[in-house]
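Hi there,

Here is the structure I promised you. Have a look at it first, and then read on for my notes.

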Amino acid sequence: MDKSNKPAVFNDHLNWYHSSLNSVSDSANMLYTYNHVIHGFATGLSQKEAELLKKQPGVVSAIHQIRYELHTSRRPKFLGLSNMTPFLSGSDKLSDLVIGVLDTGVWPHSLSYQDEGISPIPRSWKGECEAILLIRNWNRNRLSTTTATELTPRPSGRAVSGASFLGYATGTATGMASGARIATYKVCWLNGCFGADVIAAVDKAIEDGVHILSMSLGGGLPDYFEDNIAIATTAHGIPVSVSAANNGPRRRSLSNVAPWMVTHGCGDNRPLGNGKVYKGVSALYNGKPLTNKLVPIFYGNNNNSIDDVFYLPAGTLNPEDVSGKIVVCIRGENSRVEKSLVVKEACGVGMIFTSEEDSYGDELVADAHFVPAGAVSLEKGNDIYHYLKSAANPTATIIQKATKFGFQPSSIVTAFSSRGPNTRTPEILKPDVLAPGVNILAAWTGEAGPHGLGQDKRRVSFNIKSATPLDYGAGHGDPVAALDPGLVYDITVEDYIRFLCASNYTKEQIKTVTKRNFNRNNGKKKYSVGDLNCPSFAVPLKAASDEDGGTNRSTTVTYTRTLTNVGTSLARYRC
């Protein structure tokens, strides 16, 4: 609704909204009214009624609700946050920071939410206060899920000592900014996360006074003026962190590509091995381990043929062939944990699984298996298969060591992390950055808790393997370096409005996203999508062989960026 066009006959906007709705439907109810994200309301209408509503005075647009999906599946130390000293000088300000998380709700009794020793609630907070600042459910009629307790401690969970999972990763579990506050808004249910709920939650978060918004949900690539998440996160001065989605490794599988949101890809870090001892990720297995004694290896089908692709589906192993042996199998088709159950039921004593193709690459995931198990990368798996082909009686064992720290990590993009390019706006590089997102055990409850952080205080460098900027954006985020960035790319709401204009949006569509009127200057000024003042950019080019391709000649593309020095006045920067 265009708030400035409210007819004088109405005392307030709520009466106006009800009148507009009642003019097209006798039975529709108003689910929510919005005051900050947009000016308007949510309701259920038929297509015919929606078209009639669009024609009412003051109605800017009527957009469909979108059903989004959760994006769920490392560590602060991996991002150089073992030494928190750079942050402690502003610890009072940090405790005033409120992070709003939109997800499935939380179990507030987790030790990660303890509030002992924390300073009083900041005066800027206008919402309700509990053990965490706010737990608010939207649309109580929907069936609930309970997974966000695993996600919300990542940004600001309190430090919990003595945390581990089945004895692995013993240490201190903590969020990225453990002194900050959490305000959690439940918007996701068993049947999805609905746009009307998301907009209502962001609207309330703005009213409550959150400083940062985080959400791991999304779906599809609608136009910005139809994307409920994109509309909910504009023009409020609140940084928004979103996930890129879990549809990798397919190209063009991103969601959440609006340039005013920071879109995170998912990375992982691996220790590097050599020689005949292959290092990978061991199972979270708490039963009787294997010893140093080597045992026979079973691979392929019952004929032990290495040339057969062996996914280990249920019912394929004969105990007479497998008993007392380690089974080597291929990742895919069925779940990793199910494969270990197949091995156990056939009296196998262990399992090694690797990748068949580049789709999983070096991504390794720790699972709770039924037998001692190890996951190895594609490269190491190829070495193992070479050994199996060349040895008459191949043998092995699996040594499950404690969680390893102190290695120099080599970062990879996980297989499930969604990839670019950005098909909505190819000139805008998405994802923006890569962040740890695999094998995270969060929200310590005393029963099943997160990994430790160790005491390694070295700054780490990152070598991202087997990926391109379309997979990892600008690379891994460096939160410590961000404290003193030197140069920044300033950007304003007006810049985003010009971006939408360059995207050929109408005045009504631009106002739907930004709630602002925009004068196109009668077409006198030209705006370029590529000139949006983002830290990175992409250059889409057409090959001469394309249907509407180029001329097989060289092309020059010029993008403009403006940087502002926030460092010392006598600084010198070189490209």
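Let me begin with a salt bridge: the side chains of Glu 51 and Lys 54 meet, with 3.4 Å from N to O. Please keep in mind throughout that this is a predicted model. Both residues belong to helix α2 (residues 47-54), where they sit three residues apart, about one turn of the helix. An α-helix has 3.6 residues a turn, so residues three or four places apart point the same way.

A second pair links two separate elements. Arg 516 forms a salt bridge with Glu 494, and their closest N and O atoms are 2.9 Å apart. Arg 516 lies in the loop between α13 and β24 (564-565), while Glu 494 is in helix α12, so the pair ties together parts that are 22 residues apart in sequence. Arg 516 has a relative accessible area of 33%, which means that it is partly exposed. Glu 494, at 36% relative accessibility, also counts as partly exposed. Elsewhere, salt bridges with shared partners join Lys 204, Glu 207 and Asp 208 into one network.

The pair of Lys 511 and Asp 2 is set in other surroundings. Their salt bridge has its closest N and O atoms 2.7 Å apart, and here Lys 511 and Asp 2 are both buried. In total, the model has eleven salt bridges.

Next, helix α12, the element that holds Glu 494. This helix spans residues 493-502, and its buried residues are Tyr 496, Ile 497, Phe 499, Leu 500, Cys 501 and Ala 502. What lies over them? Helix α13 (507-514) is part of what covers the buried residues of α12. Just after α12 comes Asn 504, which takes a positive phi of about 65°.

Last, the cysteines. How many disulfides does the structure hold? There is one, and it joins Cys 188 to Cys 193, with 2.1 Å from S to S. The torsion about the S-S bond of Cys 188 and Cys 193 is about 110°, so this disulfide is right-handed. Cys 188 and Cys 193 are both buried. Two other cysteines are worth a look. Cys 347 counts as partly exposed because its relative accessibility is 42%. Cys 534 has a relative accessible area of 9%, so it is buried.

Happy to talk any of this through when you have a moment.

Best wishes

Technical notes: Residues numbered from 1 in each chain as written. Predicted model: local features only at pLDDT ≥ 70, side-chain atom pairs only at ≥ 80, totals over all residues. Heavy atoms only, no water. Buried < 20%, exposed > 50% of the residue type's maximum accessible area, 1.4 Å probe, protein only. Helix = DSSP H or I, 4+ residues; strand = E, 2+ residues; numbered from the N terminus. Contact = heavy atoms within 4.5 Å. Disulfide = S-S within 2.5 Å. Salt bridge = Lys/Arg side-chain N within 4 Å of Asp/Glu carboxyl O.
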